Amino acid sequence: MKLNIIHRNEQVLAGHKIVGNGVLFILLLLLTGCEKDLEPGLPSSQLIGEAIFDDTATVDAALTSIYSGLRDNSTVEGTPSGATVLMGLYADELDYYRADAQTDAAFFNHTVLPSNGAVDGFWNNNYALIYQSNAILEGLEEGGLTMEEKGPFMGEAYFLRAYLHFYLSQLYGEIPYIVSTDYTQNSSPSRMPLPEIYELIEQDLLQAKELLAVSDASGEHIRATKGAASALLARCYLYTQQWEKAKTESTAVIEGGVYVWQPELDQVFLRESPSIIWQLKPEFEGAATKAGEIFVFENGPPPLYALTDLFISNFESGDLRKGIWTRAISDGTDTWYHAFKYKQNTALGSSSEYSVLFRLAEVYLIRAETLVRLGNIEAAKNDINKIRQRAGLDGTKANSVDALLEELVLQRKYELFTEQGHRWFDLKRLQLANEILGPVKPNWNPTDVLLPLPQQELILNPSLQPQNPGY
Amino acid sequence: MKNNYKPTLVVRFSLCIIVFFTVTIHPIAQVTNKLVSGTVTDIDNNPLPGVNVLIKNKNRGTTTQLNGSWELLATSQDTLVFSFLGFKPVNKIVGNKITINLQLLEDATALDQVVLNAGYYKVSNKEKTGSITSVTAKEIENQPVTNPLAALQGRMTGVNIQQTSGLPGSGFNVQIRGKNSITAGTDPLYIIDGVPFNPQSLSAPDVSGNLIPSSDLSPFSFLNPTDIESIEVLKDADATAIYGSRGANGVVLITTKNSSGEKIRFTLSAQSGLGGVANTQKLLNTTQYLEMRRQAFSNDGMTEYPPNAYDINGTWDQNRYTDWQKILLGGTAYNQRYNATVSGGNKNTSFFLSGGYQNETTVFPGDNFYKRANGLAKLNHNAADDNFKVSLSTAYSIENNKLPGGDLSFQALTLPPNAPQLYKEDGSLNWEEGTFNNPLGVLEGEYKTKRNSLLVNAQMEYTLLKGLLIKANAGYQYSSLSEYHTYPNTQFNPFFGLDSSSSAIYTNEGARSSWIAEPQITYRFKSGEHALQVLAGFSAQQESNTRFAQYASGFASNALIRNTGAASFLQVTQDDETIYKYEAVFGRVNYSYGKRYLLNITARRDGSSRFGNNDRFANFGALGMAWIFSEEQALKDKLPFLSYGKIRTSYGTTGNDQIGDYKYLDTYSTNGIAYNGTIGLSPTALYNPNFGWEVNRKAEAALELGFFKNRILTTVNYYNNRSSNQLVEVPLPGTTGFTGVLANLDALIENTGWEFELNSTNIKAENWRWSTSFNLTLPENKLLEFPNLENSTYANSYVIGEPITIQKVLRHTGVDPESGTHQFEDFNGDGQISIPEDSQAQVDTAPTFYGGLGNTLSYGNFEIDAFFQFSKQKALNNKVFGTTPGVLGNQPVDVLDAWQEPGDITNTQAFTSGSNPERSLAYFYLSQSDAAYSDASYIRLKNVALSYTIKKVIKGAGNAKVFIQGQNLVTWTPYKGQDPEQTQGFLPPLRWVQLGLSLTF
């Protein structure tokens, strides 16, 4: 239609017998001739997607970006927007001392709103990494690598996808499980019932376990391995009360011969500790872990957070973890305690610690719990005592199922504190949140077991409605 | 085209014969040529050089000399025509006079002579068929502004401009005729002296984002406003379709000054000014504040103050009071500007040179400055036979901007009034034993930027045949910006225990270069009443942007913080080069009959590298028509008071390619972040190869009238723009892994509006002159169609039939007198308030009308100019600016009417310390409700300029002018907040008062 106008131009021109007609024609020719000139090439910092998946080095770089994403901006990081801090404040681990109220204050006060930045962050960051996992799986499918070359990469992608969905479902409850990169589908997914989510997590992890190697190339357990897949499987089976399966998976990790118990408390979090199943390496050699940077302080009052009085006072007497994994800071009148699992809090010549996501102690605790549930009291006590002994405590005196379960809650509390929100997820999973947080959190509301879905997400995707109860 | 006609020998011979016979046949007639001379001056007796003195009906004449004098051989029967641009022409019969001295009167309303720059062509205001408005050098010079865009505020119909911050160097939001697109850029196309100018800032968000809203370090401030001759804004299809794919949001043409005559002319000017924040907010004093806090805790049933409630638990002195607005924002900013120009030349060659220097400080504490040095050089040459013309223009500037590490505006409004002192007695920052996050901490860091900008343009014109011209326009633009922002450990609370191993710096080096080449051919043809102009051209353009950004942390000492090589950790966050290529052919045919009927056809075919191979080219075009009915004899006789009347109308299409480069490719980018030594690769964006051009259809009709010899000139415009198939970044939910995807949206948006302009010369006496200009715009925006809106990601944002500028919010129904908590309307009746289900109330933040009113009054050597800007609009108010009332943080005094006990009727809910979840939630809902918006209409005394001219101070010819100018002087507004134009959390536009002196000789 617009060409008509040009044609009309030409008629007018022709009427006056002017060279313009020819000029316009020449110009049009010139333009069509120049079509190739309009090819802008590629920006210097980008690669064509297809090219990525023909080369193991670039696939590796694509996976690397998920690990750095996990470390720098995901749920499991130790910064004030990760679950270690936020769910620690939300449960009974941490007290809040920041002078200026930030998004984290709402977690401490149990006044989390759908517009809270961290609520957005958990959601968007995890799904962004899920997208990357899916892109790798789809890319490898099309790409030119052999099955041998791409198998381990696929295993990592399956594992990471499951791991990310696991945290999302723990925080928000029913969520969509995203398995493709197609935004036309992914822009209006519905929420999925929890059993289905667990089923998909299990499927992904079983595939991952099949494909993954026993150890990663670095030997530092900084990438997903078969052991990590088994550990996550064990955790999921525990959460879904599939005791037998949980026992099998945890036993596989404990007795697989890859990981070795670390008997010294002060060496558990060192990067070379043989009991570490999966850890995230800091961005550069010498950097401290995020948790080290955030928790450690030198003067009181604490600038950010400190362990709660209740947490400190309930340490069993003689528990070495109080002296080694926490530290007292006093200003003369008051005393505060900070988590001190990671000692390095600032950049040094080399990093002594990485950020640990799975370690053997948790797997022992998982197995102990399943053994109790299966009625295997003695074996369970053995596993519990493994933990107690290292902490300088005598063997447990609990003998009944109930007493042992209670002991397990306690050991999990003191063994796994300030690690990716274990305490909160335990309270939620064992339905203890009401009972334990009710008295210490004035604003506690039974609906607080789930975070609200991000407000922006509900606006953009109406099929996620309704909002979680209580928000 | 004058003087092109060269008589051949034969013709000359014939002429001689005719003259001979005339002489011989009528021997009585006085036909002898005699020497006639005289001087032409203006109304103040200043000599006017360059005035054309022509003998009527004879192709002969001269121009006046520098002293205004002229001489000419003429006969007694000859009529001399004196004409000069901007003055009324005068006819004089020679008669028996040999000396003719006369004064020319200025003719500001000579429509024929107001020539507008329409980009590829020029058109007189009278004969234009499209909608073009302009602001001239005088209006710009009267305003003490650094950025040319600032000078346009309120001056043009259909052009809405907002300043985003009061910090020097910050940017402006410019919207021409409403919001055309749901999310894509609405920047107009800018062209400076024929070179397209990319308005995107080269600054990086992680370097300047916390200081400059949207990191928009406006590239326009490279240009000294006093070097600008005119700024034209093209609005309708007729004017913009020749810019095709980039014309949808309007076109802004900036033209720099040229030599004004043959005389060597110097101007020198110096000025200095004071700036400050014009409005403060009334906030709680310490007594009121602490009372609020106490109530908050008691309302929450807390008897013991928590350990981190330092303001009230006894940690901080409860008798202190500090007016933080005064301390943090109350400073005075200074500026100095110096400018010098020299221009002149001869009949064939002229030049214009301008150099300027300016500096400006901020209102914040600390040593901050913005400095700019700039130069402009222009050269024009016409070959002796006028067949060849060439002009060159070069503008260069260096800008240095040093700003504090953060904008303190938010702290100034929210710090508790009893917060501790800023400094200890020893002069160091006071952190009050770690309990006080000292707002001046950010001043330990610094932000610094350096920008060099170059704009070069060359134009050549060659006359092939009579009326047939070939032209070429070539331009080059280069701009480089280097910036850094330091975050030394000393800016943080020392109780974090940080040392210089935590100090960090962000740096960014950006550069942009572009070239354009535009060969053109034009033809003019005139025969009797018919006049035809034809233009055809080709345009090729390329732009490349490079960026190199780094983050470094961990220094042995803060003294090394500028040296990224000394950092223990160094990360290249971006290292990129992008290229944009663009090609087009365009044409224009303009036909007029009897200077009454005008027809203008424009067209363009565009190709852009931003689109994939299948959608690379698109066509645009427009048709404009005008009828100057005041030229019809019948009307002239019947309506003698109507000196000018025109109806014009236009219709056409334009597009928008502001989508970013390479968006049609599926790519992975490096993110610069290492994991175990490998730098990661991640998907750049969601990939959609199928997007195409968007289309913007514009229609316009206007009536232009002039009365009483054009003493009163009015224009009424009606426009209707519809944009469809919009190419936008469609927002997506997080489950897609991204925040959006570039796609075509089937939405149809309509922008309509009425625009009124009135210019009148109220008094025009020898010594007195008073003129008024008024403009008013009534815009309206409507979402006409949006197939499947309910199921799209926009379902909760837009409503068909309503403006796209609406926000869907909760409806606040007041504070429940029983519970003391904000209440909202439960639209869906499910017994609870939830977002988005109950966000069914609508608030529109687009202005319902806006405009300006200016008056210029001159008496003798005095001149005063006052300009008011006004807007009727709604904006976010101070209710949602800070924290929940009752939480640590100061509040506006409006919260004093908070609910106290059952039965209280009030609009402010009971205070909460943040631990009452219902009230915290209710306050959050309030921020998402219609109560968060209120009237932000204003009338602003935008500019006052008062000047006194002392004539003939140097060599009896030069003028000296003393002036005082003010910007943003007074604002009348019911707005609850600091400034209705403010970007929340950033410094509002400042009030400036400027004193200066200029010399012209």
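Q: Which domains does the domain assignment of chain A give?
A: This is a predicted model, in which local features need pLDDT of at least 70 and side-chain atom pairs count only at pLDDT 80 or more, while totals for chains, interfaces and linings use all residues. Residues are numbered from 1 along each chain as its sequence is written, and chains are lettered from A and ligands numbered from 1 in the order in which they are written. With bounds that come from an automatic or database domain assignment, chain A is given domain 1 (49-214 + 226-256 + 421-464) and domain 2 (290-339).

Q: How many residues of domain 1 of chain A are in contact with domain 2 of chain A?
A: The C-alpha centres of these two domains of chain A lie 29 Å apart. Two residues are in contact if their C-beta atoms, placed from the backbone, lie within 7 Å. By that rule, 13 residues of domain 2 of chain A are touched from domain 1 of chain A, and the number on the domain 1 side is 15.

Q: Which helix and which strand of chain A each supply at least two residues of the side of domain 1 that touches domain 2?
A: Helices (H or I, at least four residues) and strands (E, at least two) are DSSP runs, numbered from the N terminus. On the side of domain 1 of chain A that touches domain 2 of chain A, the elements that each supply at least two residues are helix H5 (83-90) and strand S2 (94-96).

Q: How many residues of chain B are in contact with chain A?
A: Contact between the chains is counted by residues, and chain A takes part with 93 of them. The partner side, in chain B, has 90 residues.

Q: Which helix of chain A gives the most to the side that touches chain B?
A: The residues of the side of chain A that touches chain B divide into 52 nonpolar, 28 polar and 13 charged, where Ala, Val, Leu, Ile, Met, Phe, Trp, Tyr, Cys and Pro count as nonpolar, Asp, Glu, Lys and Arg as charged, and the others, Gly among them, as polar. The element that gives the most to this side of chain A, with 9 residues, covers residues 56-73 and is helix H4.

Q: What is the bridge partner of A:Leu47 in S30(B)?
A: Two strands pair if DSSP finds at least two bridges between them. Strand S1 (residues 46-48) of chain A and strand S30 (residues 667-675) of chain B are joined by 3 bridges and run antiparallel. In S30(B), the residue bridged to A:Leu47 is B:Tyr668.

Q: Is B:Ser215 buried or exposed?
A: Phi of B:Ser215 is near 55°, a positive value in a residue other than glycine, and B:Ser215 is found in the loop between helix H3 (205-208) and strand S15 (228-234) of chain B. A residue is buried if 20 or more other C-beta atoms lie within 10 Å of its own, exposed if 12 or fewer, and partly exposed in between, with C-beta atoms placed from the backbone. Because B:Ser215 has 21 C-beta neighbours inside 10 Å, B:Ser215 counts as buried.
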